[in-house]
Amino acid sequence: MGSTILIDDLETYIGQYGTHGAIQRLQFIASKTEQVALKTEATKLRLDLLKRTTNCKGYSSCYAELKELLEGSSTAVPPYDSVWVEATQGQASKLKDLYEQDLHQAKVTQIKDSIRTCHTQLTGLCTEQGDYAGALKYASKSREFCTEPQAVFSTCMTIIKLSALCRQYDDIQSFTSRAHHTPFKDEASQSKICAAYGLYYMATGKYKEASFSFAQVKQQDLGSTFSDVLCAQDIALYGVLCALASLDRNEVQSKLLDSASFQECLDLAPSIRDVALDFCNCRYAACLTSLERLKEGLLLDVHLHGQVADLCLQIRSRGIVQYFAPFISVSLHSMAEAFNTDVDGMQSEVASLVGKRQLDAKIDSHKKILHVRHANQRTATYKSAMRVSQEFANSTQALVLRMNLLKHDFGVHVVRQKK
């Protein structure tokens, strides 16, 4: 799974992503980790990747960071490639002038396809220079000059990628919606749309909607064009965590674990698959222990880090609620053992869930026992019985009325036959 690879094999981890997605994640890891070795490795890898682009400003900044990290250590600082910087800057400047001239000429001719092509060229140039805000500006303008549905869809996907690189999740939602309403989409396009929706929902704390979106993604449909945004392991990781935080065990099993398409993503992330299996099989202690072990890596994920604490809390709370569901009463001692905590801690957690009305129960603090609220249960049972009784009465009355009508119709028919 991606979160464990972050620490154990960083190069393999970032190899799943496109150049810009890898640069984004490496920069985030280097900025967040307290491990000097990991920070240094992430910065080295980012420096190498930046030379695959024309982002000279990013290269110079990254080199300064690496030089500072290696200062005083036995590791030699790699030489600064000033020749590459000068040549790349000169070439990029010439290209920008050329593309802007092309755009001006296209505007004079008022040919929409030509104008869109010029904006697309400038979008690509800005992207390669690491100017994602500038690229977004040109991409947004190019959408105005799209004449075919496929061009609209392609432009929306470009904006989604750039918005993900800028972590502008509201823009992801807006342009995913526009891509969704574009006609003539193929199955692969639909998978990318579901993945983008899932990212937006997860980043905004809408875990149930996120889990449903991720569950519809097919690993083979993501392709290399979407790898700057998400990879298949991300789909598995994000999908499972959002599902455990928002769905019951049966839904997690049916919508994710039993889904043939989602299983392909899960096969690439065995660690998170095991977490889901433990949860669905009521092995909550094992599930939460594994989750805690993965937490360090999860906090280094560029899109997930802000939701980690809330997701882990929601998963634990849902586990407690589901553990208690089959019982009329249960010892807090046994619950504490099941959730790797002490009795006082368990009582505090249960009290919080009762206060939030997530758990319909009452606590016997002296005997350390959690009881179902029988009064509420009786009321619910009585209301259910009354509803069923009323539905039966209504259906019986309807049947009697129907039979009377049939008798009447039959009688009229016999009289007419006699006449």
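Student: What does the protein average in pLDDT?

Tutor: The average is 89, and 88% of the residues score at least 70. Here pLDDT is the predictor's confidence in each residue, from 0 to 100.

Student: Where does pLDDT stay under 50?

Tutor: One such stretch is residues 1-7, for which the model has 27 contacts beyond four places in sequence; a contact means heavy atoms within 4.5 Å. Another is residues 412-419, with zero contacts of that kind. Where pLDDT is low, the predicted coordinates should not be read in detail.

Student: And how many helices and strands are there?

Tutor: The protein has 22 helices and three strands, taken as DSSP runs (helices H or I, at least four residues; strands E, at least two) and numbered from the N terminus. Buried residues make up 43% of the 419 residues, where buried means under 20% relative accessible area, exposed over 50% and partly exposed in between (1.4 Å probe, protein chains only).

Student: Changing topic: what is the volume of the largest pocket?

Tutor: Its volume is about 410 Å³. A pocket is an open set of points on a 1 Å grid over the protein atoms alone, where a 1.4 Å probe fits, with protein on both sides within 12 Å along at least five of seven lines; lining residues have an atom within 4 Å of a point. Grid points are joined across faces, edges and corners, and the volume is the space filled by probe spheres set on the points.

Student: Which residues are closest to its centre?

Tutor: Of the 23 lining residues, the closest to the centre are I23, Q27, R46, N55 and Y132. Helix α3 gives the most to the lining, with six residues.

Student: Is N55 buried or exposed?

Tutor: N55 is buried, at a relative accessible area of 13%. The residue lies in the loop between α4 (36-50) and α5 (56-70). Beyond its neighbours within four places in sequence, N55 contacts L50, W84, E128, Q129 and G130.

Student: On to the rings: how many aromatic pairs are there?

Tutor: There are twelve. Rings of Phe, Tyr and Trp (its six-membered ring) pair if their centres lie within 6.5 Å; planes under 30 degrees apart count as stacked, over 60 as edge-to-face and the rest as tilted.

Student: Why is the pair of Y200 and Y201 called tilted?

Tutor: Their planes stand at 50°, with the centres 5.5 Å apart, so the pair is tilted. The pair of Y284 and Y323 has its planes at 70° and its centres 6.4 Å apart, so that one is edge-to-face. Y284 lies in helix α18 (residues 284-298) and Y323 in helix α19 (residues 308-324), so the pair ties together parts 39 residues apart in sequence. Both Y284 and Y323 are buried.

Student: Finally, what is the phi of R167?

Tutor: R167 has a positive phi of about 55°, although it is not a glycine, and lies in the loop between α9 (149-166) and α10 (169-180). N340 also has a positive phi, near 55°, and counts as exposed at 52% relative accessibility.

Definitions and conventions: Residues are numbered from 1 along each chain as its sequence is written. This is a predicted model: local features need pLDDT of at least 70, side-chain atom pairs count only at pLDDT 80 or more; totals for chains, interfaces and linings use all residues. Side-chain values use heavy atoms; hydrogens and water are left out.
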